[in-house]
Amino acid sequence: MTGTATRSAVGIVEDGYAAFLRGDIPALLALLDPQIAWTEVAGSAYAGTFVGHDALVQGVFMRLGEDWETFTPVPAEYFDCGGTVIVT
C-alpha cells in the first residue's frame, strides 16, 4: 500500500471504506490517527465522540457487529473539500 503521506485524502477514505467492507478493521485503524476523535450524530444509537482506536472499536465497530447481522455502508460520492472528505 502506498504511504498515506503520498495518497490523496479521497484515496485514503476510499481505502478505509474498502477495509471496513472486507471486515479488515486493523487495516482501517492503520489509516486513522491513534488519537482520532470519531463523532456519531446525536440521536443515533451510537451517539457520542470516541477518542482513540480502542474507544472507536468498542463504542462503534463492535456494537455495529452486535446489533446488525450485516452492516454495509455504500458510499455514492466522495468530495475533497480541502483537508476534509465528505462521503454521501
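**Aromatic pairs, core and fold of a predicted model**

Biologist: In this predicted model, is Trp38 buried, partly exposed or exposed?

Modeller: The relative accessibility of Trp38 comes to 25%. Buried would require a value under 20% and exposed a value over 50%, so Trp38 counts as partly exposed.

Biologist: How many aromatic pairs does a search of the whole structure find, and what geometry do Trp38 and Phe61 adopt?

Modeller: The search of the whole structure finds four aromatic pairs. For Trp38 and Phe61 the ring centres lie 5.6 Å apart and the planes stand at 80 degrees; because planes over 60 degrees apart fall in that class, the geometry of this pair is edge-to-face.

Biologist: Which parts of the chain does the pair of Trp38 and Phe61 tie together?

Modeller: The two residues are 23 residues apart in sequence. Since Trp38 belongs to strand E1 (residues 37-40) and Phe61 to the other element, the parts tied together are strand E1 and helix H3.

Biologist: Is Phe61 buried or exposed, and which residues form one aromatic cluster with Phe61?

Modeller: At 11% relative accessibility, Phe61 counts as buried. The aromatic cluster that includes Phe61 is made up of Phe20, Trp38, Phe61 itself and Phe71.

Biologist: Leaving aside neighbours within four places in sequence, which residues are in contact with Leu56?

Modeller: With its neighbours within four places left aside, the residues in contact with Leu56 are Leu29, Leu32, Ile36, Trp38, Phe50 and Phe61.

Biologist: Which residues meet in the one salt bridge that the structure holds?

Modeller: The structure holds one salt bridge, with a distance of 3.5 Å from N to O.

Biologist: What pattern does the protein chain follow along the sequence, and what is its radius of gyration?

Modeller: The protein chain has three helices and four strands, and read along the sequence they follow the pattern α-α-β-β-α-β-β. For 88 residues the globule rule gives 12 Å, and the chain comes close to this value, so it is as compact as a globular protein of that length, with a radius of gyration of 13 Å.

Terms used. Residues are numbered from 1 along each chain as its sequence is written. This is a predicted model: local features need pLDDT of at least 70, side-chain atom pairs count only at pLDDT 80 or more; totals for chains, interfaces and linings use all residues. Side-chain values use heavy atoms; hydrogens and water are left out. A salt bridge is a side-chain nitrogen of Lys or Arg within 4 Å of a carboxyl oxygen of Asp or Glu. The radius of gyration is taken over C-alpha atoms; the globule rule is 2.2 Å times the number of residues to the power 0.38. Contact means heavy atoms within 4.5 Å. Rings of Phe, Tyr and Trp (its six-membered ring) pair if their centres lie within 6.5 Å; planes under 30 degrees apart count as stacked, over 60 as edge-to-face and the rest as tilted. Buried means under 20% relative accessible area, exposed over 50%, partly exposed in between (1.4 Å probe, protein chains only).
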